[in-house]
Amino acid sequence: MEEKIYKTMGSTGAANLAIGICVLVGGIVSGILLIVNGARLLKHKGKIMF
């Protein structure tokens with residue numbers, strides 16, 4: 001019984017680690033995209049007419 005719990009905890013820990021890395025990478029990528037698009041808007045703000 002204890003072996004089964006130990007294996008379950010190990011796989012759960014590995015899954016949490018993998019999900020955490022994916023979320024971290026996704027956050028960094030989206031942050032970079034937001035900065036680049038904001039800089040592009042600021043660069044061309046003189047051409048924008050409302």
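Me: Where is the place of Ile21?
Reply: Happy to start there, and bear in mind that this is a predicted model. The protein has one helix and zero strands. That helix covers residues 2–43, and the place of Ile21 is in helix α1.

Me: Which residues form a nonpolar patch on the surface?
Reply: Ile21 is one of them. The patch has about 470 Å² of accessible area together. Its members are Leu17, Ile21, Val25, Val29 and Leu33.

Me: Is Glu2 buried or exposed?
Reply: Glu2 is found in helix α1. Its relative accessible area is 69%, and the cut-off for exposed is over 50%.

Me: What percentage of the 50 residues in the protein do buried residues make up?
Reply: A residue counts as buried under 20% relative accessible area. The protein exposes about 4900 Å², with 75% of it supplied by carbon and sulfur atoms. Of the 50 residues, the buried share is 0%.

Me: What radius of gyration does the protein have?
Reply: Good one to look at alongside the overall dimensions. The C-alpha atoms fill a box of roughly 70 × 15 × 5 Å along the principal axes. Those of Glu2 and Lys47, 45 residues apart along the chain, are separated by 68 Å. A compact globule of 50 residues would have a radius of gyration near 10 Å, but here the value is 22 Å.

Terms used. Residues are numbered from 1 along each chain as its sequence is written. This is a predicted model: local features need pLDDT of at least 70, side-chain atom pairs count only at pLDDT 80 or more; totals for chains, interfaces and linings use all residues. Side-chain values use heavy atoms; hydrogens and water are left out. Helices (H or I, at least four residues) and strands (E, at least two) are DSSP runs, numbered from the N terminus. Buried means under 20% relative accessible area, exposed over 50%, partly exposed in between (1.4 Å probe, protein chains only). The radius of gyration is taken over C-alpha atoms; the globule rule is 2.2 Å times the number of residues to the power 0.38. Accessible areas come from the Shrake-Rupley method with a 1.4 Å probe; for residues, only the protein chains shown count as cover. Patches are made of residues with over 30% relative accessible area and no salt bridge: like charges are joined within 9 Å, nonpolar side chains (Val, Leu, Ile, Met, Phe, Trp, Tyr) within 5 Å. A salt bridge is a side-chain nitrogen of Lys or Arg within 4 Å of a carboxyl oxygen of Asp or Glu.
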